[in-house]
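I opened a new notebook page for this protein. My plan is to look things up one by one and write down what I find.

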Amino acid sequence: MVIAHSNHKKNLSYADIDRYLDIGQNDKYWYRDERANLEELFPHEDINLVIDLLCATSINSSLKSNVALFYRALYQYKNNEPFKPYLPNMASSLELARQREPFTGRKIRNFAECLKGNTQGVIVDVWIARAFKVNRMYRRMTRKKGGEMREGGVSNRFYTKIEKYIQARAPKLGLEPRQMCSMIWGGIRTEKTGIHNTTRWVDVLKSKRIYSLFPQDQDLYTKKGIYIQHG
């Protein structure tokens, strides 16, 4: 498959950031609160491992797929089984999680570290890239997908620029960089989609619909009393 870049803007735009910060105030404590929720849901597990497996399986995944893949990975980890089947980059990240090594990908590494308590981390995903108007579009040049445009992450150069901006400005606003990042994320997502509340992992982790995808996982953990409630 050959992928060609579309035109890519050369400068960050800060024009909408204050508006997104205002809209996204409810997401200020997303990282702190989500970790607390995970600790409550998995009281007998190594929470840092849970975070790493969730982050590793979030790569190019919807929330529902992320949680389903996480359950599979957690089951495979606890039974000392190989991680399969996963896409190569996800499988590599899962192996790093198994070995308790840091992720090599910048975004996923910062994502995991922020959930583990690093207040200075900045996660630049597609939504953050859109907020600064530097999201990149790719044209897929394949027989089946010829000419189709897809959206990708930012270059390392723009990642660094956004990271430096947030880390410099956040203290001036009385915020942690990870808080400012989650507020921008929540603000632009709310404005563009009309969704006013951020869906959390735990909401889907408790879902019977997800449990039914891997009944062996449900049996394993229900017997141990790990899941406090679901459905």
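Predicted model: local features only at pLDDT ≥ 70, side-chain atom pairs only at ≥ 80, totals over all residues.

**Entry 1: helix 8, length**

Which residues of helix 8 are buried? I listed Phe-158, Tyr-159, Ile-162, Glu-163, Tyr-165, Ile-166 and Arg-169. Then I looked down the axis of helix 8. The buried residues fall within an arc of 165°, so they line one face of the helix. On the other side of helix 8, I found Asn-156 and Lys-164 exposed.

Next I asked what the buried residues of helix 8 pack against. The partners are helix 1 (17–23), helix 6, helix 7 (126–131) and helix 9 (177–193).

**Entry 2: helix 8 and helix 9**

Two packed helices are described by the angle between their axes and the distance between the axes. The axes of helix 8 and helix 9 cross at roughly 115° and come within 8 Å. The two helices are therefore roughly perpendicular to each other. Their crossing is right-handed. From helix 8, the contact is made by Tyr-165, Ile-166, Gln-167 and Arg-169. From helix 9, Pro-177, Met-180 and Ile-184 take part.

I then checked another residue of helix 9, Ser-182. Ser-182 counts as buried because its relative accessibility is 6%, and buried means under 20%. Leaving out residues up to four places away in sequence, Ser-182 touches Asp-27, Lys-28, Trp-30 and Tyr-31.

**Entry 3: helix 3 and helix 6**

How do helix 3 and helix 6 cross? The axis of helix 3 (residues 47–56) comes within 10 Å of the axis of helix 6, and they cross at roughly 150°. That makes helix 3 roughly antiparallel to helix 6. Helix 3 passes helix 6 in a right-handed crossing. I noted the residues that make the contact. Helix 3 gives Asn-48, Ile-51, Asp-52, Cys-55 and Ala-56. Helix 6 gives Ile-108, Phe-111, Ala-112, Leu-115 and Lys-116.

I followed up on Ile-108, which sits in helix 6 (residues 106–116). Ile-108 is at 10% relative accessibility and counts as buried. Apart from neighbours within four places in sequence, Ile-108 is in contact with Cys-55, Ala-56, Ile-59, Ser-93 and Phe-103. I also looked up Ser-58, which is 50 residues from Ile-108 along the chain. Their C-alpha atoms are separated by 8.5 Å.

**Entry 4: helix 5**

Helix 5 covers residues 88–98, and its buried residues are Met-90, Ala-91, Ser-93, Leu-94, Ala-97 and Arg-98. Seen down the axis of helix 5, they fall within an arc of 160°, so they line one face. I looked for what covers them: helix 3, helix 4 (63–78) and helix 6 are included.

**Entry 5: loops**

After helix 5 comes Arg-100, in the loop between helix 5 and helix 6. Arg-100 is not a glycine, yet has a positive phi of about 60°. Arg-100 is partly exposed, with a relative accessible area of 41%.

Asn-60 is not a glycine either, and has a positive phi of about 55°. Asn-60 lies in the loop between helix 3 and helix 4. Is Asn-60 buried or exposed? I found 73% relative accessibility, which counts as exposed.

In the loop between helix 4 and helix 5 I found Pro-85. The peptide bond from Lys-84 to Pro-85 is cis, with omega near -10°.

**Entry 6: Glu-34**

I looked up Glu-34 in helix 2 (residues 30–41). Glu-34 is buried, with a relative accessible area of 0%. Residues up to four places away in sequence aside, Glu-34 touches Leu-115, Arg-200, Trp-201 and Val-202.

**Entry 7: the whole protein**

Last, I stepped back. How many helices and strands are there in the protein? I counted twelve helices and three strands. Of the 231 residues in the protein, 45% are buried. Among contacts with a separation of 6 or more, residues 24 or more positions apart account for 68%.

Technical notes
Residues numbered from 1 in each chain as written. Heavy atoms only, no water. Helix = DSSP H or I, 4+ residues; strand = E, 2+ residues; numbered from the N terminus. Buried < 20%, exposed > 50% of the residue type's maximum accessible area, 1.4 Å probe, protein only. Contact = heavy atoms within 4.5 Å. Arc of directions from axis to C-beta. Axes fitted to C-alpha atoms, helices over the stretch in contact; angles between N-to-C directions. Parallel < 35°, antiparallel > 145°, perpendicular 65-115°, else oblique. Left-handed = near helix turned anticlockwise from the far one by under 90°.
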